[in-house]
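Hi everyone, thanks for coming along. Please have a look at the model on the screen, and then we'll walk through it together.

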Amino acid sequence: MGHMLLPFRLGLGGPIGSGHQFFPWIHIGDLAGILTHALEANHVHGVLNGVAPSSATNAEFAQTLGAALGRRAFIPLPSAVVQAVFGRQRAIMLLEGQKVIPQRTLATGYQYSFPELGAALKEIVA
């Protein structure tokens with residue numbers, strides 16, 4: 001988040017590449033909560049996905065972050081720039097994305113404090 005905030009605060013933020021790729025996200029409080037839940041609950045075994053239960057595309061994430069900051073988010077970061085700055089392997093993660101559903105995390109009974117992107121981003125930038 002730290003690297004993303006400045007461009008968005010300046011009104012220069014926007015989607016990465018096409019923006020159509022899924023962009024898994026989680027509030028840091030929920031990530032810590034999942035770890036605590038996994039350590040304290042005897043019935044939790046195995047791998048838990050540390051992502052929020054609501055999915056978003058990169059364009060939706062950019063739009064919501066812009067709204068949380070009271071700024072527009074319409075200037076896309078071109079794919080070629082992403083590859084030049086981050087290298088091919090890291091660029092693939094940012095440009096292709098992946099839809100991750102925390103089925104096992106939810107099945108263990110973990111209750112998210114920030115299940116929705118808008119509320120999570122508003123709390124972070126407050």
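Let's start with Ile-75: is this residue buried, partly exposed or exposed? Ile-75 counts as partly exposed because its relative accessibility is 34%, where buried means under 20% relative accessible area, exposed means over 50%, and partly exposed is in between, with a 1.4 Å probe and protein chains only. You'll find Ile-75 in the loop between helix 3 and helix 4 (79-96); helices here are DSSP runs of H or I, at least four residues long, numbered from the N terminus.

A quick word on the source: this is a predicted model, where local features need pLDDT of at least 70, side-chain atom pairs count only at pLDDT 80 or more, and totals for chains, interfaces and linings use all residues. Residues are numbered from 1 along each chain as its sequence is written, and side-chain values use heavy atoms, leaving out hydrogens and water.

Next, Pro-7, which sits in helix 1. Pro-7 is also partly exposed, because its relative accessibility is 31%. Leaving aside residues up to four places away in sequence, Pro-7 touches Leu-12 and Gly-13, and a contact means heavy atoms within 4.5 Å. Now compare Pro-7 with Val-82: they are 75 residues apart in sequence, and 15 Å apart in space, C-alpha to C-alpha.

Finally, the span 78-124: its end C-alpha atoms lie 26 Å apart, and the span is 66% helix and 0% strand.

Notes: Helix = DSSP H or I, 4+ residues; strand = E, 2+ residues; numbered from the N terminus.
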